[in-house]
Amino acid sequence: MIMAKLALKAAPTFKAQVEIPVAGVKPVKMEFTFRHRTRKELDVYLADLRAKQAEGGNADEVAAVMDVAIGWENDEPFNAENVGEFLDSYHKAAWAIGNAYITELMQAREGN
C-alpha cells in the first residue's frame with residue numbers, strides 16, 4: 001500500500017463543493033476555492049464568529065464570504081459586488097458557504 005506524503009505546511013488554498021439551497025429545486029453544488037487557516041487561525045476565526053453571535057449583531061455576509069473564499073465556479077468574477085448579488089438571490093447561500101468551509105477544515109483537523 002502506497003502512503004500519500006504530506007508537506008510540512010498545508011496548501012494556502014483548497015477547493016470544496018458547497019450545496020447552495022435553491023428555492024423549488026434540490027440544492028445545487030458549486031465549487032469554491034477557500035483560504036486555508038491553521039489550527040490557531042481557525043480557533044481565532046471561530047471565536048470571533050461566536051463573539052459576534054453573542055453580541056446579537058448581524059454579520060456582513062458579503063465580508064464573511066470574502067474572508068473565507070477567494071474564488072468560485074461561476075461565469076461571473078468573484079468580487080464583493082457579485083457575491084452580494086449572489087447572496088441576495090440565494091437566501092441561505094452565506095450559511096451554506098460558511099458551513100462548508102468550517103466543515104472542510106474541521107474534517108482535516110479530525111484526520112490529523
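# Exercises on a predicted model

Val 65 lies in helix 2. The model is predicted: local features require pLDDT of at least 70 and side-chain atom pairs pLDDT 80 or more, while totals for chains, interfaces and linings use all residues. Residues are numbered from 1 along each chain as its sequence is written, and side-chain values use heavy atoms, with hydrogens and water left out.

## Exercise 1: The chain as a whole

Determine how many helices and strands the protein chain has, and in which order they run.

Step 1. The protein chain contains 4 helices and 3 strands (DSSP runs numbered from the N terminus: helices are H or I with at least four residues, strands are E with at least two).

Step 2. Read from the N terminus, the order of elements is β-β-α-α-β-α-α.

Step 3. Of the 112 residues in the chain, 27% are buried (buried means under 20% relative accessible area, exposed over 50%, partly exposed in between, with a 1.4 Å probe and protein chains only).

Step 4. Among contacts between residues at least 6 apart in sequence, 53% join residues at least 24 apart (contact means heavy atoms within 4.5 Å).

## Exercise 2: Helix 2 against helix 3

Describe how helix 2 and helix 3 pack, and identify the residues that make the contact.

Step 1. Two packed helices are described by the angle between their axes and by the distance between the axes.

Step 2. Helix 2 (residues 61–68) and helix 3 (residues 80–89) pack at about 120°, and their axes are 9 Å apart (axes are lines fitted to C-alpha atoms, for helices over the stretch in contact; angles run from 0 to 180 degrees between N-to-C directions).

Step 3. The two helices are therefore oblique to each other (under 35 degrees counts as roughly parallel, over 145 as roughly antiparallel, 65 to 115 as roughly perpendicular, the rest as oblique).

Step 4. Helix 2 contributes Glu 61, Val 62, Val 65 and Met 66 to the contact, and helix 3 contributes Ala 80, Val 83, Gly 84 and Leu 87.

## Exercise 3: The two sides of helix 3

Which residues of helix 3 are buried, and which exposed residues are carried by the face turned away from its buried side?

Step 1. Asn 82, Val 83, Phe 86 and Leu 87 are the buried residues of helix 3.

Step 2. These residues cover an arc of only 135° around the axis, which puts them on the same side of helix 3 (the arc is that of the directions from the helix axis to the C-beta atoms).

Step 3. The face turned away from this buried side holds the exposed residues Glu 81, Glu 85 and Asp 88.

## Exercise 4: Three residues in their surroundings

Classify Val 65, Thr 33 and Ile 102 as buried, partly exposed or exposed, and list their contacts beyond four places in sequence.

Step 1. Val 65 is buried, at 3% relative accessible area. Its contacts are Phe 78, Val 83, Leu 87, Ala 94 and Ile 97.

Step 2. Thr 33, in strand 2 (residues 25–35), is buried, at 15%. Thr 33 touches Thr 13, Phe 14, Lys 15, Val 68, Ala 69, Ile 70 and Gly 71.

Step 3. Ile 102, in helix 4 (residues 93–111), is partly exposed at 22% relative accessibility. Ile 102 touches Tyr 45, Leu 46 and Leu 49.

Step 4. The C-alpha atoms of Ile 102 and Leu 42 are 8.5 Å apart, although the two residues are 60 residues apart in sequence.
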